Amino acid sequence: MSMQNPIIWVHGDCLSPRHPALAAYPGAPALFVWDEELLAALRVSLKRIVFMYECLLELPVTIRRGDVATEVLTFADERGADGIVTSDSPSPRFRRIRERLETALPVRVMPVEPFVRARQRLDLARFSRYWQAIQVEALSDSSDNAL
Amino acid sequence: MPGDMRRDFSDREELIAYLAAEFPAAAAESDAVSATIGGRQAAEARLAAMRPAPYAATRNFLSGAVTRLSAYIRHGVLSLAEVRRAALQAVTRPEEAAKLINELAWRDYWQRVYAEIGEGVWENREAYKTGLSASDYAPELPADIATGTTGLACMDAFSHDLISTGYLHNHARMWLAAYVVHWRRVAWQAGARWFLSHLLDGDPASNNLSWQWVASTFSHRPYIFNRENLERYSDGVYCRECPLRSNCPFDASYETLQARLFPDAPPPAAPRRRR
Ligand SMILES: Cc1cc2nc3c(=O)[nH]c(=O)nc-3n(C[C@H](O)[C@H](O)[C@H](O)COP(=O)(O)OP(=O)(O)OC[C@H]3O[C@@H](n4cnc5c(N)ncnc54)[C@H](O)[C@@H]3O)c2cc1C
């Protein structure tokens with residue numbers, strides 16, 4: 001899946017100038033979309049929007065609002081893009097939007113650097129067990145993987 | 001392009017006025033704006049100010065050396081990995097950063113759980129261990145909590161801070177959540193929705209699962225506190241001024257509160273004081 005002319009979809013879980021997609025495709029057109037349905041459902045107050053907007057103003061992105069998948073595909077169309085690149089998120093809403101995008105264009109989801117590289121499958125039933133398993137790794141400098 | 005939102009603002013006031021006009025429903029929810037400024041530059045300044053050793057000693061105090069990085073981490077302006085590295089670099093021995101890294105791990109943990117259960121963060125993971133069933137809890141947040149007019153100086157201050165700043169110290173979140181769920185018998189989901197509307201770091205995983213941890217639907221027992229604990233870790237600032245200081249619903253031993261709040265709880269559900 002090699003993309004010659006992708007657009008980047010920036011979402012609210014990765015508003016960093018060190019965004020993996022912005023780093024991998026410098027100069028590619030990038031878009032952020034205010035998810036109007038989500039803002040209404042969560043009754044998001046103004047201060048959260050201001051904070052995120054200030055983050056966005058440091059990124060080379062076009063900012064729009066509406067239905068996210070529709071807006072991303074419109075933007076891709078305007079730019080004649082052959083694919084969409086974004087960063088990963090555990091959010092189920094992210095997954096649903098990605099699935100809608102994939103019906104129209106190839107989507108590359110780039111990982112964000114993990115907190116620790118867990119060697120085994122983690123038991124998530126309780127925090128204590130998870131911490132037991134990752135603690136040594138978490139306190140060691142050796143997993144250094146600076147960007 | 002038409003449809004593009006603006007990017008050119010001469011100052012913060014102009015940005016705020018623009019966004020209030022663009023998002024009237026959000027401004028109606030609350031038009032307060034936080035002093036915490038978004039963006040990588042502001043995040044890096046806070047990262048540079050992080051002090052892992054004093055953090056470990058004082059983090060439970062409202063006046064303690066907490067990082068206030070949560071909104072930047074929540075929105076990926078900083079990755080947990082780079083905060084972890086910065087913490088290790090700020091100390092001479094890794095153990096000095098252990099407490100801070102352990103707290104960062106809570107976020108990683110909740111995110112991993114979120115990846116597995118998705119919208120399940122809104123459902124009780126387990127039954128309440130309070131001797132009550134889910135239907136005993138009111139579905140909506142009472143108005144006096146939302147407006148900060150309960151008469152309890154501590155809870156009213158937390159409510160005002162949440163709405164005006166979009167931030168609460170972890171201990172204040174725990175106290176407020178315990179008050180909502182255990183003293184007022186309100187379903188944690190109502191409190192969680194309220195927090196998500198206002199917290200700059202509002203995150204369905206960290207927020208909802210922490211509420212569930214307080215409620216006991218994702219922990220072995222309910223979290224409660226008493227006045228002694230709150231007074232100590234808030235340096236007494238609320239109790240001194242509180243109109244209810246001689247009639248405080250938190251002023252009792254843990255055993256008494258446990259019996260009062262959870263009269264039908266099964267015996268092993270002795271409440272946890274703090275993590
Ligand atoms: C009822 C309740 C609701 C909460 N809702 C949220 C939320 O929506 N978003 C959120 O990020 N945190 C939430 N927390 C966790 C915690 O209170 C905040 O992360 C912390 O207070 C943020 O302040 P800080 O950055 O100064 O934290 P510090 O103590 O300086 O910790 C450093 C970082 O570690 C992480 N962290 C610390 N403690 C926790 C924790 N218990 N759980 C998860 N991550 C943690 C955060 O990313 C934080 O920025 C909630 C806790 C409770 C009890």
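How many Å separate the centres of domain 1 of chain B and domain 2 of chain B, taken over C-alpha atoms? The centres are 21 Å apart. Keep in mind that you're looking at a predicted model.

**Stop 1: chain B as a whole**

Show chain B by itself as a cartoon. You'll see 15 helices and zero strands. The radius of gyration of chain B is 20 Å, close to the 19 Å from the globule rule for 275 residues, so chain B is as compact as a globular protein of that length. Along the principal axes, its C-alpha atoms fill a box of roughly 60 × 50 × 45 Å.

**Stop 2: the two domains of chain B**

Colour residues 12–119 of chain B one way for domain 1, and residues 122–261 another way for domain 2. The contact between these domains draws on 26 residues from domain 1 of chain B and 32 residues from domain 2 of chain B. Together the two domains bury about 2,400 Å², with 59% of that on carbon and sulfur atoms.

Next, select B:Phe61, B:Leu62 and B:Trp110 and show their side chains. In domain 1 of chain B, these are the residues that lose the most area to domain 2 of chain B, together 29% of what that side buries.

**Stop 3: polar links between those domains**

Select B:Arg107 and B:Asp203. They form a salt bridge, with the closest N and O atoms 3.5 Å apart. The count between domain 1 of chain B and domain 2 of chain B is two salt bridges, and 11 residue pairs are in polar contact across that interface (both at pLDDT 80 or more).

Now pick out helix H5 (70–74) and helix H7 (98–117) of chain B, the elements that give two or more residues to the side of domain 1 that touches domain 2. H7(B) makes the largest share of that side, eight residues. By residue type, the side of domain 1 of chain B that touches domain 2 of chain B divides into 12 nonpolar, eight polar and six charged.

**Stop 4: bring in chain A**

**Stop 5: salt bridges and helices at the chain interface**

Zoom in on B:Arg12 and A:Glu54, whose side chains meet in a salt bridge at 2.5 Å, N to O. Nine salt bridges turn up across the interface of chain A and chain B, along with 38 residue pairs in polar contact (both at pLDDT 80 or more).

**Last stop: the domains of chain A**

Finish by colouring chain A by domain, with domain 1 at 6–113 and domain 2 at 115–147. Taken over C-alpha atoms, the centres of domain 1 of chain A and domain 2 of chain A are 29 Å apart.

Methods:
Residues numbered from 1 in each chain as written. Chains lettered and ligands numbered in written order. Predicted model: local features only at pLDDT ≥ 70, side-chain atom pairs only at ≥ 80, totals over all residues. Heavy atoms only, no water. Domains from an automatic or database assignment. Contact = heavy atoms within 4.5 Å. Buried area = accessible area lost by both parts, 1.4 Å probe. Salt bridge = Lys/Arg side-chain N within 4 Å of Asp/Glu carboxyl O. Polar contact = N/O pair within 3.5 Å; in protein donor to acceptor, adjacent residues only side chain to side chain. Helix = DSSP H or I, 4+ residues; strand = E, 2+ residues; numbered from the N terminus. Nonpolar A, V, L, I, M, F, W, Y, C, P; charged D, E, K, R; others polar. Rg over C-alpha atoms; globule rule 2.2 N^0.38 Å.
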